[in-house]
Amino acid sequence: MSGAPPPGRTLLLAEHPFRDLLSQALLTALRADLVRGAEDAPLLVHPTIGELPAGFEAVAPGVDPRTLGVTQVILAGVFLERRALEAALSMAAKALTVGAKFTVRNFGVEGDAALRAAPEGGRVLDRAERIDLRDHQTANVLTQWRLLVPLEINPYPERHVAAESTLATLLPARPVLGLAIRSGAEMRASWQPRLPALKRLLA
């Protein structure tokens, strides 16, 4: 299924875009799916902190999306903060009032953004033409929000992004299993007794 956007500018709404490796991988994978060629205009991004990689263009903080001439708005990446998610949903709702198409891609919620109660402005998700989720946990949360549109799960799309060149030279030729634990010290400590058994299973 092609993700090519319609003619015109596309606005990408994310939480702190490119703040970490996960965000970089998710948004890079999304652009690779959207672009038709090198002549495509950069994706507009809100909000932004610092420099953006090639293919992305910052817009002014708090800009009214109705003034940008966008024909598509995309909610993407993993959200951890409820306030950031609600701000993005509000911007998407404004873009819809001027005829922009709305999709949700490579999307996940964790932490405060994953509360069982639907976020303020969450009903705008019912107007999305496509909701593409990163993981089953996010699907469970959005089911509790009682959305009216079907949910698709595209597990961990960041897996398709090529490894950073310096890191790639350090990887062995055989398949590698990576474990990423994003919680705090308690979660890391709980894994320590299990590591020897895991190593035996993977030997």
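Mentor: Two strands count as paired if DSSP finds at least two bridges between them. The model discussed here is predicted.

Trainee: How many bridges join strand S1 to strand S2?

Mentor: Strand S1 covers residues 9-13 and strand S2 residues 43-46, and the two run parallel. At least two bridges are needed for a pair. The number joining S1 to S2 is three.

Trainee: Which residue in S2 is the bridge partner of Leu12?

Mentor: S1, residues 9-13, is bridged to S2, residues 43-46. The S2 partner of Leu12 is Val45.

Trainee: Which strands are the edge strands of the sheet?

Mentor: The sheet is open, has seven strands and shows parallel pairing. Its order is S3-S2-S1-S4-S5-S6-S7. An edge strand here pairs on one side only, which is the case for S3 (56-58) and S7 (152-153).

Trainee: At about what angle to S4 does helix H2 run?

Mentor: Helix H1 (residues 21-34) lies across S1, S2, S3, S4 and S5, at about 150 degrees to S4 (70-79). Helix H2 (residues 82-96) lies across S1, S2, S4 and S5. The angle of H2 to S4 is about 165 degrees.

Trainee: In the protein chain, what share of contacts between residues at least 6 apart in sequence join residues at least 24 apart?

Mentor: The chain has six helices and seven strands, running β-α-β-β-β-α-β-β-α-β-α-α-α from the N terminus. Of the contacts between residues at least 6 apart, the share joining residues at least 24 apart is 70%.

Trainee: What percentage of the 203 residues is buried?

Mentor: Buried means under 20% relative accessible area. By that cut-off, the buried share of the 203 residues is 39%.

How values were computed: Residues numbered from 1 in each chain as written. Predicted model: local features only at pLDDT ≥ 70, side-chain atom pairs only at ≥ 80, totals over all residues. Heavy atoms only, no water. Helix = DSSP H or I, 4+ residues; strand = E, 2+ residues; numbered from the N terminus. Contact = heavy atoms within 4.5 Å. Axes fitted to C-alpha atoms, helices over the stretch in contact; angles between N-to-C directions. Buried < 20%, exposed > 50% of the residue type's maximum accessible area, 1.4 Å probe, protein only.
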